Structure formats: structure tokens, C-alpha cells
Amino acid sequence: MRSTILGCGSYLPPRAVTSDELAGALATTGPQLTESTGVSTRREAEDGEGPSQLASRAAQQALAAAGLGPEAVDLIVFATMTPDIVFPGPGCFLQDQLGCRTVGAMDVRGQCAGFLVALATADRFIRAGKAECVLVAGAEVHSAALEYSPRAVAVTPYFGDGAGVVVLGASPEPGVLATVLHADPDGLERFWCEFPASRHLPSRMDIEAFRAGRHFYQLDAERMHPQAERVLPEVIGEALERAGVTREEVALFVLHYLDHRVARRAGRAAGIPDDRIVATAEAAGHMAAAGVPIALADALAAGRVRRGDVVCAAAFGGGMAWGAAVLRL
Amino acid sequence: MSELVNSRILGLGHHVPDRVMTNADLTQLMDTSDEWIQQRTGIRERRYIREESGPADLALPAAQEALRSAGVKAEDLDLILLGTLSPDVDSPASASLLQRRLGVRGMPAFDVRNQCSGFLYMLAVADSFIRTGGACHVLVVGSEVHSTGIDLSTVGREVAVIFGDGAGAAVLGPEPDSRKGILSTHLHSEGKFAEKLMIEVPTHRLHPRVTEAMLDGPGSRLWPRMEGRYVFKHAVTRFTEVIHEALAAHQLTPADVDLLIPHQANLRISQLVAMGLELPEEKVFNNIQRYGNTTAASVPIALHEAVTEGRVRPGSLVCLAAFGAGFTWAAALLRW
């Protein structure tokens, strides 16, 4: 048995935050923020809405597209780096919000490659005969974790909130043609967040760490870019080879990286024409585990790709973790 | 496409910090007693880290032992999985930090965050990758440092006395004989009860996710909260249910089980589950008396001790089961 995509859904919270709006707190100007990060607006979730609530809306859309109800789901795999609460994970909240049966709800952490980790895991469960209908969710509420002060001028404007969900089902014909995952911990401090830190004595979060802002993202984008430009073309090549698909057969490349201009450059370096690239961070900022499924759902909804088309999604980010998937829709 | 193969545990290891915290030691920090703790939980002592070290640090010796015992080199791993609810840092995953401690790169490394059921969820992931040829050798580690995340005062005592630090690891690989290795895995969740056992803060439902006020004072939302009696009641029901489910999938009954290794949540829960299944004491493995509840680490620590003590032999039918926060619960059946 193989797995195939039965439906996709996405949800972005309605509140848009422009660079002009952010500029004051970051002590700069809107045009400068847009220029430095390539992002002009991003969305922000309401208080009270965690990633599970955003994913819930995306999941309802994905299930409707698949023509299925929540009772059909027999596994949930949820990827995020900004969970509703510390534990339990958003997968459990999603199970309850959708009214699924008491099926497994797994929470995975693979940062910007998180959705591909979740997708590969769901694919393996289906191929192993352990599941037939898996909700694969990626959702982020980065806005709750960001720092709104001048120190964060090169971090905060990159990120946005949102959720995307794919319903993956068992099928005799393969839809997920190949998945490839990698990680290299070298230089992982280029994008990390230290606190809460269970390794810290006497307490995983204390006032000193808080006042020092050690619970905010630390990001050295300039030093991440070269690695993104190197590994994205590599992993695309590896995934296509494994899927037995040529570049020309791929209708759309979904390139997921913090800076959409770097993602696009990496795509060009891989020999992909510009009109077949979606750089996920372009529309509403970077959403670590959510960018890929949102782009898939949106490309389908916009008619940019159709059933039967081949799509290649590749991601690189924190960990450092990266990967690619080749999908026949 | 290649035939599906089974997966099996090739090697095990565990590591606990050398600092022993007895119930008497806890009475120095909070109003409690050895008698109260033992009567309700069966716990006599637990381990706490002595110096700054996180789950990835505790995981390293456990993983190295499992790799040695499996005869697998770290660089030959195809996948690294780490389960924890007390990660080293907020991001990235503790699996990435373990990958660095192991000195390897290239293979994927990610966390599975399913609390007390974490090790069983990871076994299901590893088994799925191996059965479908997606990986040959998988490292699965459950590791926790609870001692820096509990309120060690009288206010937090109901939760604090239960938890301990530790790590347990398994290396899995393919098993060509379909009657051996992991026979099946069974995963469940019920998010309706998510807030019966949780840590709330930092919470990405609020802007900002953590404030100075949230960190301050007794009863802080930074500490775990548990409705103990509620969790206890559900645990006994779900443990029993999922063990029956796993056995029924293979037309087996509790009488066929050679050893049940329940997640070490509470000795009283294990005893009630064993009684309900009519399993004699020698067929149930418990070590919570010495380690407390180490959530994702408890099953692999217990399994490693059981194998080392000779309580699991070739041909033994081993049932692993867990229940915890989420609620999530799970079981796996293994033919050794």
C-alpha cells in the first residue's frame, strides 16, 4: 500500500501586520523592514488562538476537500515549534476540536522541516499498514514568541502565523513518490531559542533568563543563507532521483526557507524556472512547520496545480534540518 | 517493492544521574513524608541531575550503551528519535542536540513529544520506517530532566514527589522473521482531558507567551499541574483497554504474556492493571520505587533492566504499555 494526498487546507488569521506597523517597536521604518526581510505583511493570531485552533480550521477545509469527516481519521501527526502549551502537544487538542475518534495524536518537532518530517512519518505509517487516513498538520503562532524591541530588528519581521493540513490516505497508486530527510547539528545556534531550558539549574525558566531575553529567538540569517543555498538544490536532486522524476515533469516547486529571496535563488541554482517556484515566505512571512502545507493548499485552490500534477516541496531551517518530498497530487 | 519486514530491538541502554533524592530528602524541601509518598505512589527515591545537563546529555551514555549492545555505529544510524517533555532548549529539538553529542550528521533527527506515551509512539515511528525500508537502524531515546521543571515546595508537592530524571535508549533494526520483533503498535489520544495534566507556560495562545508575572511565586503556571485522582482513574481503564487491544490483534490473551512492562506512572496503577488482567506479580516489571516517574524514559529504562535481569528471554512475549498526559496511551507487543 502507498499513500496519496486526499485533500489540503490552509488557514491564516485575518489580522495583517504590515512592516509599517512593526517598524515603531523595532526602531526602524516599514520600507527598511520590508527591504531587509522581503516580507511586507504577516498575519497574527488572536489571543486565545493557539496553533491547534488554526490547524482545526485548516483541517476542516482539508477534510471537506477529501470528502471525509473527522471519524475517518485514524492518526494525527502535528508539527510545530510553537505549541499551544508546553505539554500535551497540539495534536491532542486537534483530536478533541475536530471530534476525531480516540486515535493516536503524535507531536513532532523538526522546526522548519517539521511538516516534511510529519509527512514522511505519516507516509511510513500508511505504507506499513498502521494507518489509512492521516491528518498531517503544520501550524505556528510565532507572534507569541517574538521580541518587539530594536534588538529583534533582524528577526521578528520574518515570521508570521498560520496553519496548513494535508489529509493523507492509503492508495494502491503512490501519491507520495519520495521523501528525503536530513539533519546536521553543526551551527544550530544560527537559529535557536534557548529558554525554557530543562538543562538549566535550578529551574528551566527563571527571572534572570527572562530579563536577559533568552526566551526569544536567536537568529543569524546571514550565516544561514549560504547553507540554504547549498542544501536545497542538493536535496531536490536527491528526492527527484529517488522518485524517478525529472525536473521538467515537476509542475511546481515549493521552496520553504526563512528568506524567500534566498529560497528563490536556491531554486534558480537548481535549474528551476522562476514561474515554477513558490517561495513560501513571500506571501505572509515564514511559518516554520506551516509554510509547506499552506503553499500546497493555496496552489491547489488557485488552480496553479491540478490533480495528477507532480509537486516537489523542499525545506531547510533550524536544527539544522532539511528535506524534500515529491508528490503526485 | 520489497516485502515488509518486521523490526526488532537490537540493543538497549539507560543512564540515570548519580544524585539520589530519597523521600526523606524531599521532606527537607516540602511538607511531605516517606509514608505518604510510598503509600500513594510506591516511590522510595528518584534521581536528580547534579550539574547542568539536559535530556540530550543524559541520552548520550544511554544511546552509546544501546549502540554498543546492538553492534551498530552511531554514524550508521538512519534516523534519530528523541522523546521528552522537558527539552534541553526551547528549539531546536533535543534530538538535534543528541545528534551533536553523538558526533554524527546527515541522518534526520527529530523529537516526538508524547509525554508518558512518548517511547511507544517512537517505537511505532521506528517500526514504520524500518518495515517499509525507509530506515535500517533507528535510535530511539526517551530522556527527561524533570528536576528543573517541578515546584519543589509544599505547593507543588503532589506532582513534584512523583517525577525523576533519567534516560533509556533502544536501537532498532530489521527482523526478517515475521513472528519476531515488534508484532504491532497501538496509539491513542483524547485531547478532551489535555488540561488534567499539563504545563501551560510558555503558551503560544497568548501574546507574549510568557511574562514575568507568570514566572513569579507559588502556583506559577510554569509548573506542571495534575488532577491526580482523575488521571489515576483514566490510567487504569486505558492501560487495561489498550493491552487487551494489542493482544486481541494477535488472538492472544493476558495469559500468553511473559512480561508486562507498564510505563512507570505510579506503582498503585501498575498493581491495579496487573490485577485486572490477572497477571501474577512475577509477570509485571516495576522499578518506579527507585526512579520515580521518568515519563518518556521509563519504559526503555525498565525494559533494559528487565532484559539485564534475565526476565526477558528469546521467545518471550513482552507487552509494553503507557498512559499519560494528552491524554495519550499506547501499547506494543514484542516477541523477543
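The structure is a predicted model, in which local features need pLDDT of at least 70 and side-chain atom pairs count only at pLDDT 80 or more, while totals for chains, interfaces and linings use all residues. Residues are numbered from 1 along each chain as its sequence is written, chains are lettered from A and ligands numbered from 1 in the order in which they are written, and side-chain values use heavy atoms, with hydrogens and water left out.

## Where chain B meets chain A

Counting contact as heavy atoms within 4.5 Å, 83 residues of chain B touch 78 residues of chain A. The two chains bury about 6500 Å² between them, and 57% of this lies on carbon and sulfur atoms; buried area here is the accessible area (1.4 Å probe) that two parts lose on being put together, summed over both. Of the area that chain B buries against chain A, 13% is supplied by His204(B), Arg205(B) and His207(B), more than any other three residues give.

Between chain B and chain A there are six salt bridges, a salt bridge being a side-chain nitrogen of Lys or Arg within 4 Å of a carboxyl oxygen of Asp or Glu. Asp184(A) and Arg105(B) are joined by a salt bridge of their side chains, at 3.4 Å from N to O. There are also 46 residue pairs in polar contact between chain B and chain A, with both residues at pLDDT 80 or more. A polar contact is a pair of N or O atoms within 3.5 Å; within protein, one must be able to donate a hydrogen and the other to accept it, and residues adjacent in sequence count only if both atoms are side-chain atoms.

Several elements of chain B give two or more residues to the side that touches chain A, among them α4 (94–102), β8 (181–189) and β13 (328–335). Helices (H or I, at least four residues) and strands (E, at least two) are DSSP runs, numbered from the N terminus. The element that gives the most to this side of chain B is α5(B), with seven residues.

Strands also pair across the chains, where pairing requires that DSSP finds at least two bridges between two strands. Strand β5 of chain A (residues 104–109) is joined to β5(B) by two bridges, and the strands run antiparallel. In this pairing, Arg109(A) stands opposite Asp111(B), a residue of β5(B).

## The two domains of chain A

Chain A is assigned a domain 1 (2–173) and a domain 2 (178–328), with bounds that come from an automatic or database domain assignment. The C-alpha centres of these two domains of chain A lie 14 Å apart, and 50 residues of domain 1 are in contact with 48 residues of domain 2. About 3500 Å² is buried between the two domains of chain A, with carbon and sulfur atoms giving 66% of it. Cys112(A), Leu116(A) and Tyr158(A) supply 21% of the area that domain 1 buries against domain 2, more than any other three residues.

No salt bridges are counted between domain 1 and domain 2 of chain A, although 13 residue pairs, both at pLDDT 80 or more, are in polar contact across their interface. The side of domain 1 of chain A that touches domain 2 receives residues from several elements, at least two each from β1 (2–11), α2 (30–37) and β7 (161–171), among others, and β1(A) gives the most, with seven residues.

## Local features of chain A

Over all chains, the whole structure holds 33 salt bridges. One of these joins the side chains of Asp123(A) and Arg127(A), at 3.4 Å from N to O; both residues lie in helix α5 of chain A, four residues apart, which is about one turn of the helix.

| Peptide bond | Omega |
|---|---|
| Leu201(A) to Pro202(A), cis | about -5 degrees |
| Gly319(A) to Met320(A), cis | near -20 degrees |

Pro202(A) is placed in the loop between β9 (191–192) and α6 (207–211) of chain A, and Met320(A) in the loop between β13 (310–317) and β14 (321–328) of chain A. Gln111(A), a residue other than glycine, has a positive phi near 55 degrees, and is found in the loop between β5 and α5 of chain A.
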